[in-house]
Protein chains: 2
Amino acid sequence: MKAAFLAIGDEIVGGLTTDTNSGFIAGELKALGVEAVCGFSVRDEEDEIIRAFGQALRQAELVISTGGLGPTADDLTTACVAKLAGREMVLHEPSLQFMIERFRGRGMEMPPNNRKQALFPEGAKVIPNPNGTAPGFICPITVDGQTRHVACFPGVPRETRHMVAATLVPWVAARQPGRRFLSRTFSTVGLAESRIDELLEGAIGPDEARVAFRASFPRMYVRLTVDGTPDDDLEGRMDGLEARVRERLGDAVYAAGDEGLEETVGRMLRERGLTLALAESCTGGRIGDRITDVPGSSAYFLLGTATYSNTAKTSVLGVSEQTLAAHGAVSTQTAEEMAAGARRLAGADVGLSTTGVAGPGGGTPDKPVGTVCIGLAWEGGTWARRFDLGDRGRDWIKATTAQMALDSLRRWLLSALV
Amino acid sequence: MKAAFLAIGDEIVGGLTTDTNSGFIAGELKALGVEAVCGFSVRDEEDEIIRAFGQALRQAELVISTGGLGPTADDLTTACVAKLAGREMVLHEPSLQFMIERFRGRGMEMPPNNRKQALFPEGAKVIPNPNGTAPGFICPITVDGQTRHVACFPGVPRETRHMVAATLVPWVAARQPGRRFLSRTFSTVGLAESRIDELLEGAIGPDEARVAFRASFPRMYVRLTVDGTPDDDLEGRMDGLEARVRERLGDAVYAAGDEGLEETVGRMLRERGLTLALAESCTGGRIGDRITDVPGSSAYFLLGTATYSNTAKTSVLGVSEQTLAAHGAVSTQTAEEMAAGARRLAGADVGLSTTGVAGPGGGTPDKPVGTVCIGLAWEGGTWARRFDLGDRGRDWIKATTAQMALDSLRRWLLSALV
């Protein structure tokens, strides 16, 4: 099945809002074997919307639009689809009741404008929106004697993501009754897409699974999708493929599923009953920020410190002035003492530290911009390592250092006898 | 002038990459009075690219594409434009030499593939790309007897943004020789777009300036654009408008220009010769991360702490157990003691603190999720305030708290007799 995408709204075309819906839905449908062929963005103008739907329907059996389902006069999507399909607009009573209740629950009366959001082309399948007032719908349209479909969703990503997973994905799967699809995502760290590609070469045949990458710096996800008949043992096949992926990528795979290292590390700390303290220098607080993005992190995160000055390294963390003088602030020795100091200060089980030259200034021939040291300290031991990341900009260095520090902690947790 | 946009690449249509270029360029050209009318995203397929360019050229005088200018076989943009324009591809010697030098500078020989990136449709204006190997170009194309233009840029946002500012913006301005445009951006904090709209009502007539908003949560920018003939005193008119904007918005405007609060605050600290220490609780390190995003922040940022546990609040920052028992960790009293403690620990001039309930757990009837306290401490004084932000999610609460804390510091710096 081929799919085309329409993002509708003046704010999209004018650049005030970036369309992230089309790409997200394309990714979800890819796992079902749907081929995304093109996308359009159009303003809130009736003739422009109708023209774009027409062009899209000539290129794809399924056209998916986002936006233009609101209650105001410039929300035109539903009316345009009805016109294009040659169908009347009819009231969908359950949608109207849901909206009235939603407003009532907030102690408000539904404004009369919103009634419009319960009107749909006759015969369309309504897609409930539990998170907002704009339901979506799927409407058949005949093009050159063939039945094609238009699926319309609101522009708010959170609402649309939920509706796509709950309704569009099963709808597409059901239209391919002979096929069943199964996807599994692996979160990886430390390998570029090209390197993963190399490592997987020959491990997974092109007929065995589709392999897709999704990068969200500094994160990298690999997704395998297998398909077969409803009677095939897709889970068994996937388990076999997963074993091969894990063999090739080793512990660069940190989670089956789509999660951040801060979640993985948080879960591992919690499972082991361990607490954490941070001593950040070049990352400035980014690791603490990520650790505390996880709900419930107060169970294991005791203390973060960002000791940017040398004075703070000695007075707060107890790094010795001798170490700073002999090896410098950016050294494995300082990193170890920082981690040990944070651990001691907080009374935590593990201390994790970063110190480095984030640039643009501060580089020297020995320690150019991008030189970074990461340290760990625990009861009875310390570890530290120097990395030469190169100068790819301050933010890149901060983000990469934070990711590598979290990964160092993960590897320690994997191997530690605790 | 009307403009249409093409984002070219399998990764865009398939959802692996989000197109942010089209929106950015649309925003830049809007200031010149250019009307963005539609956008297309297409795969790396010759016929699909040519069809989209054709559709775009029927709707706009200027069609701007991004992507497909790389050295590999699936980079087809230039060849498609040449074909559509009925022009030969010719070698642009300066571009070739630039590329050869660029590779040589890195101790490498230019791969033969890259030569392709120095080929352009005959008669096209080449746009240098100082940050990459793919130059862009502007090529005239005749459509129904009228001369229209296609402008092609690489897909890498950093490269394209620079090229647009350096070349496309002046090119468009020069094609409207009777008009001159002047824009000025104001960075604001603490006001929603709708509130700014209200406050500015009646201050700026629709004929005096275009007013545009750009939100990049938690940041909000207002841009004014005026235009006139080359002889008009646009600067003088803009100065008058700026005075009116500042009168209406007051100190919600924190910078003329497009900068983050961490830059403004950093500049103010540096100008006053003051140093900063942080005591973050619910923000977990986000303020320190933002402060250290600014190059040179080590001149004024001494220490960050993220005292997530009550024990760390007492043992590291010296918050009294009495205060915690009497008022709780989320209280103005604790916030003041945290700020004072961080200041004392680091020997800094100013201490800034946050403590709050970021959720989803931890809320109580008295202090529901979204209750946040911000504190400041300086030589001879402290200040703290409680905010009830409401529960709009953990990340929203962290981001909003960090922004409000930086703004509290800014307002203190504005008023303090230091």
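## Basis of the description

Two strands are taken as paired if DSSP finds at least two bridges between them. Helices (H or I, at least four residues) and strands (E, at least two) are DSSP runs, numbered from the N terminus.

The model is predicted: local features need pLDDT of at least 70 and side-chain atom pairs count only at pLDDT 80 or more, while totals for chains, interfaces and linings use all residues. Residues are numbered from 1 along each chain as its sequence is written, and chains are lettered from A and ligands numbered from 1 in the order in which they are written.

In chain B, strand β9 (residues 180-188) runs antiparallel to strand β11 (residues 219-228), and nine bridges join them. B:R184 has B:L224 in β11(B) as its bridge partner.

Strand β11(B) is also joined by seven bridges to strand β10 (residues 210-216) of chain B, again in antiparallel fashion. Here B:A215 is the bridge partner of B:M220. With two residues between them, β10(B) and β11(B) form a hairpin.

## Overall features of chain A

Chain A contains 14 helices and 17 strands. Its C-alpha trace spans about 80 × 55 × 40 Å along the principal axes. Of its 418 residues, 44% count as buried; a residue is buried if 20 or more other C-beta atoms, placed from the backbone, lie within 10 Å of its own, exposed if 12 or fewer, and partly exposed in between.

Contacts (C-beta atoms, placed from the backbone, within 7 Å) are also counted by sequence separation. Among those in chain A with a separation of 6 or more, 66% are between residues 24 or more positions apart.

An open sheet of ten strands with mixed pairing has the order β17(A)-β16(A)-β15(A)-β13(A)-β14(A)-β14(B)-β13(B)-β15(B)-β16(B)-β17(B). Strands β17 (381-388) of chain A and β17 (381-388) of chain B stand at the edges; each has a single partner strand, so one side of each is left without a neighbour in the sheet. Within chain A, eight bridges join strand β16 (residues 371-378) to β17(A), and the two run antiparallel. One pair of bridge partners there is A:W378 and A:G381.

The chains meet in this sheet at β14(A) and strand β14 (residues 301-307) of chain B, which are antiparallel and joined by five bridges. A:L303 stands opposite B:T307 in β14(B).

## Interface and nonpolar cores

In total, 52 residues of chain A are in contact with 51 residues of chain B. Elements giving two or more residues to the chain A side include α3 (46-59), β14 (301-307), α13 (332-346) and α14 (394-415) of chain A. The residues on that side divide into 23 nonpolar, 20 polar and nine charged; Ala, Val, Leu, Ile, Met, Phe, Trp, Tyr, Cys and Pro count as nonpolar, Asp, Glu, Lys and Arg as charged, and the others, Gly among them, as polar.

A nonpolar core is a set of buried Ala, Val, Leu, Ile, Met, Phe, Trp, Tyr and Cys residues joined through C-beta atoms within 7 Å. The largest has 102 residues, and A:L303 and B:L303 are among the members that touch the most others. Beyond four places in sequence, A:L303 touches residues of chain A including A:A277 and A:A342, and residues of chain B including B:A306 and B:V316. A second, separate core of 96 residues includes A:A4, A:I25, A:L168 and B:A36.

## Surroundings of A:M89

A:M89 lies in strand β4 (residues 89-91) of chain A. With 16 other C-beta atoms within 10 Å, A:M89 is partly exposed. Its contacts beyond four places in sequence include A:T78, A:L119 and A:P121.

Key. Two residues are in contact if their C-beta atoms, placed from the backbone, lie within 7 Å.
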